[in-house]
Amino acid sequence: MTYGITVRRAVRTSVIGVTAAATIGAGLAVADTLSNPGSPTGRDSATANAAAEATATDRHVQQVAQPGVDEAAVDVRGSGTGTNTGAGTSTGTSTGTSTRTGADASPTRRICSDGAKWLRVRFDDLTLRAGDSISLTTARGADLTLTSRNWQGKSFYTRALEGECLSVTPRLRHTGSSYAISAYQAGQRPLAQAAVTVAAAGDICGTACNQTDDVVTRINPAALITAGDNAYDRGSSSDYRQKYEPHWGQFNKIVHPSAGNHEYKTSGASGYFGYYEAAGVPTGGRGKGYYSFDVGDWHLVALNSNISDSAGSAQGQWLKQDLAASTKPCTMAYWHHPRFSSGDHGDNSGSTDLYKILTDHKADVVVNGHDHHYERFAPATADGKKDEANGLREFVIGTGGRTLYSSTHASRGPSEVFNNKTFGVGEFNLSATGYKFAFRPVAGRTFTDSVEGTCHAKTRP
């Protein structure tokens, strides 16, 4: 979770024709830790709330703070009873209400931020019965329709929609349907330029994580993901305390980890779960270790290749539902054991089902570790066939600090770049339409790599 410098300024906001002066915080902490979105006091309790969220609930879909994005509180809600209310509540003084009766008689509401290039709204609750929906549209032609497949009963931020005003049109025929919008984010830069940086590495501490931590610091990401084997040799509490904490522990406010096989050398990966839980870092919970969150307009999914991960497993079923529920246009997944690798361990067929579920849902990027080298693959399907239109681009980034491997194997995957002589960290700059990637080496090493890609069109509900 990230914290930025707080900038306060008066911004004209409008909700269903009601205008209020809104106090905006730039660089807010993770949105769902705010007890009152848009309130400066919400950030003060972010650390305590993060610990509770890490262990107590999956009700919130975490939205990582995005630099240069403003946030304001609103109050727009409705239910299938035919009664809808809306208010601009940033100061607690402005309200607006209208009522209609009869089937499907819900009024349209507008949320506006003067001069904004795009808006992203936060639903504090979405409960839709089959056949009911909520449409979000802008004058610039952007639209999103939410149905009963999207994040039922959860709080979440939608993908961004271009325009300074956004219309909310509920179509609620059932009395059990309801929704509540509590906040929105607004960007002053064009959506295609509103990139967020994520750093990634696996196989970390390790002999050289005192070098790779400097790389992460230079990247200065909004979020950091790990591809497992974070603390050698057994991922015990003492391994995390003595090896990981002095170097990578400084990133606990932004880290989103996944577990490797070395973590499970300690029974139940208890050292891994215990360390991160104590630091208030979400892990998905003991016995699971899989979870998801959002960064900008990307949906990120941490998976656990050390437990059952077949299509019919609890994890496989959860992944299908999670991907179907997301409204984000781009998807990245990460876990430890790579489907494809030209390194010491080679290809891992055990990850095939996870890989296929992701390609079935038009995911875009996967990051793995396990083999201690760097490798980039062309977008491919789970059988290794190159497929630009539907395939995942896989990165093996097992260069976080553990001794590099020298032996290699042939891979069925379409390998494009391979290097096993350089410690380093992957840097992803994620926009609403694609990604720019660069491999950043530790000081004194010269190997680098870079690539760009666009996100696959996602199937609409």
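**Aromatic pairs**

I began with the rings, and my count came to 24 aromatic pairs. I kept in mind that this is a predicted model.

Then I turned to tyrosine 272 and phenylalanine 273. Their ring centres are 5.0 Å apart and their planes stand at 80°; an angle over 60 degrees counts as edge-to-face, so this pair gets that label. Tyrosine 272 is buried at 0% relative accessible area, and phenylalanine 273 is buried at 0% too.

Which residues make up the cluster around these rings? I listed Tyr240, Tyr244, Tyr272, Phe273, Tyr275 and Tyr276, which form one aromatic cluster.

**A charge over a ring**

I also looked up arginine 402. Its charged end sits over the ring of tyrosine 232, 4.2 Å from the ring centre.

**Helix H6**

Helix H6 (residues 314-325) has 12 residues, and I read 17 Å from its first C-alpha to its last, close to the 16 Å expected at 1.5 Å a residue. I noted its buried residues as Gln315, Gly316, Leu319, Asp322, Leu323, Ala324 and Ala325.

What covers them? The cover includes strands E18 (291-295), E19 (298-302) and E20 (330-334), along with helix H7 (352-360).

**Strand E23**

My last stop was strand E23 (residues 393-397), where 5 of its 5 residues are buried. I sorted them by face: Arg393, Phe395 and Ile397 lie on one side, Glu394 and Val396 on the other, and both faces are covered.

Which strands pair with E23, and in what sense? Strand E21 (residues 365-368) pairs with E23 in the parallel sense over 4 bridges, and there I found valine 365 with arginine 393 as its bridge partner. Strand E22 (residues 374-377) pairs with E23 in the antiparallel sense over 3 bridges. On that side, arginine 376 stands opposite phenylalanine 395 of E23.

Technical notes
Residues are numbered from 1 along each chain as its sequence is written. This is a predicted model: local features need pLDDT of at least 70, side-chain atom pairs count only at pLDDT 80 or more; totals for chains, interfaces and linings use all residues. Side-chain values use heavy atoms; hydrogens and water are left out. Rings of Phe, Tyr and Trp (its six-membered ring) pair if their centres lie within 6.5 Å; planes under 30 degrees apart count as stacked, over 60 as edge-to-face and the rest as tilted. Buried means under 20% relative accessible area, exposed over 50%, partly exposed in between (1.4 Å probe, protein chains only). A charge sits over a ring if NZ of Lys or CZ of Arg is within 6 Å of the ring centre and within 35 degrees of the ring normal. Helices (H or I, at least four residues) and strands (E, at least two) are DSSP runs, numbered from the N terminus. The expected span of a helix is 1.5 Å times one less than its number of residues. Contact means heavy atoms within 4.5 Å. Two strands pair if DSSP finds at least two bridges between them.
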